[in-house]
Amino acid sequence: MSEDFYSVLGVSRDASEDDIKQAYRKKAAEYHPDVSDDPNADEKFKKAKQAKEVLTDDQKRQAYDQMGHERFEQAEKRGGFDGGGAGGAGGMGGMGGMGGGDPFGGAGGQGGLGDIFEQFFGGGAGGGGGGRSGPRQGPDLRTDLAIELEEAHEGVEKQFTVARPETCPDCGGSGHPDSADAETCPECEGRGQTTQVQQTPLGRVQQTQTCRRCEGEGTLYSETCSTCTGDGQIRNEATLSVEVPPGIRDGQSLRMEREGAPGENGGPNGDLLIEISIRKHPEFDRDGDDLAHRAAISFPQATFGTTVEVPTLNGSVEMDIPSATQSGETFRLEGKGMPRLRRRGNGDLFVKVQIVTPEEMNDEQREALEAFAEAGGEEVEVAEGFFEKIKSSL
């Protein structure tokens, strides 16, 4: 079964046109074949583009919501919404006299917009509509999940709690108890839909809509379920578990299929989208797959060179500091950064060294530094010596 267009873009069914366009831009940035490393990026990009084109067109969106995903795609394949079906001089080309046949028809009056209007309006340009709306997938839900940088580095199975609507356990989603008296809806006469005839330049078009009084049920009931007050759903907390892959970045989302809101008329649940946030780390800053760390060294270590221990997310490693290192110099430890999401290898760790001035010195240390400064031709005051000059230059 193809994925619902709303699910493709990760929006709810009542999303505005601006919301849909914004969601499409995010998907396009994530899955554009020129920038994405996802092996299925091309297919996902095409699906997102198709979803945007349908859901930002008022006529197509109305048809899509009325017909459902599968029937809409079948109708598109048989002719689409931009012109007639196959048929040479048929389809929309046969409108010269407006009296020689079905203006919506293809070859022999079959296919093209005729079938589409039959499905969309429940009978085309004059036939009778009827029947209740079919199963519809429930809307997607969103939640946030905060993790540590170490968990993003290693990957983790994480439990979390989410409040979400669920099918009422007492009425099974019907909104009424089994003992309730039932009567046929007088508004739609039990069909679950009402009809409206419109006069267009191409003739009379009959449109069907879900009955507002019975909400498509075709039946009215004498009482509602006391548990869900007739909604068919209750709000409940669910504890779920999700696998967070190594290398995930702050702001990226994970999808849990069928863990969203319940569907309508027996349709499947929507999906649950989990947006990941990564807490700030005391030792590392992150830039994509790379990490940055500041390492403190002393003046003698910077002057003569040394080996220091540097923390990584895999434990400490030794790093060589060459002689005459200047404060602020950066060294790269290859492969010591974050795992590349769903790819091989890791980013790098960039270590920026900072020469630290001691806050206190004994007499021997002070005399040695004064002698060092004088040997280099510097004049040194005892009260404000060489270290103060270093501090002022940082």
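This report walks through the helices, a pocket and a cavity of the structure above.

The model is predicted, so to speak of local features a pLDDT of at least 70 is needed, side-chain atom pairs count only at pLDDT 80 or more, and totals for chains, interfaces and linings use all residues. Residues are numbered from 1 along each chain as its sequence is written, and side-chain values use heavy atoms, with hydrogens and water left out.

Let's start with the whole chain. The protein chain has ten helices and 15 strands; these are DSSP runs numbered from the N terminus, with helices being H or I of at least four residues and strands E of at least two. Of its 394 residues, 37% are buried (under 20% relative accessible area, with exposed meaning over 50% and partly exposed in between, using a 1.4 Å probe and protein chains only).

Now meet helix α2, residues 17-31. Its 15 residues reach 21 Å from the first C-alpha to the last, close to the 21 Å expected at 1.5 Å a residue (the expected span is 1.5 Å times one less than the number of residues). Ile20, Ala23, Tyr24, Lys27, Ala28 and Tyr31 of α2 are buried. They lie on the same side of α2 because they cover an arc of only 140 degrees around the axis, taken from the directions from the helix axis to the C-beta atoms. The face turned away from this buried side carries exposed Asp18, Arg25, Lys26 and Ala29.

Helix α4 spans residues 58-67, and here Lys60, Arg61, Ala63, Tyr64 and Met67 are buried. Their arc of only 165 degrees around the axis puts them on the same side of α4. After α4 comes Gly68, with a positive phi near 90 degrees.

The buried residues of α2 have several packing partners, with contact meaning heavy atoms within 4.5 Å:

| Partner of α2 | Residues |
|---|---|
| α1 | 5-9 |
| α3 | 41-55 |
| α4 | 58-67 |
| β8 | 253-256 |

On a 1 Å grid over the protein atoms alone, a cavity is a set of points where a 1.4 Å probe fits but cannot get out, while a pocket is an open set with protein on both sides within 12 Å along at least five of seven lines; lining residues have an atom within 4 Å of a point. The second largest pocket has a volume of about 1100 Å³, a volume being the space filled by probe spheres set on the points, which are joined across faces, edges and corners. Among its 35 lining residues, Gly173, Glu215, Glu217, Glu264 and Asn265 are the closest to its centre. The largest cavity has a volume of about 40 Å³, and its lining includes Asp4, Tyr6 and Gln137.
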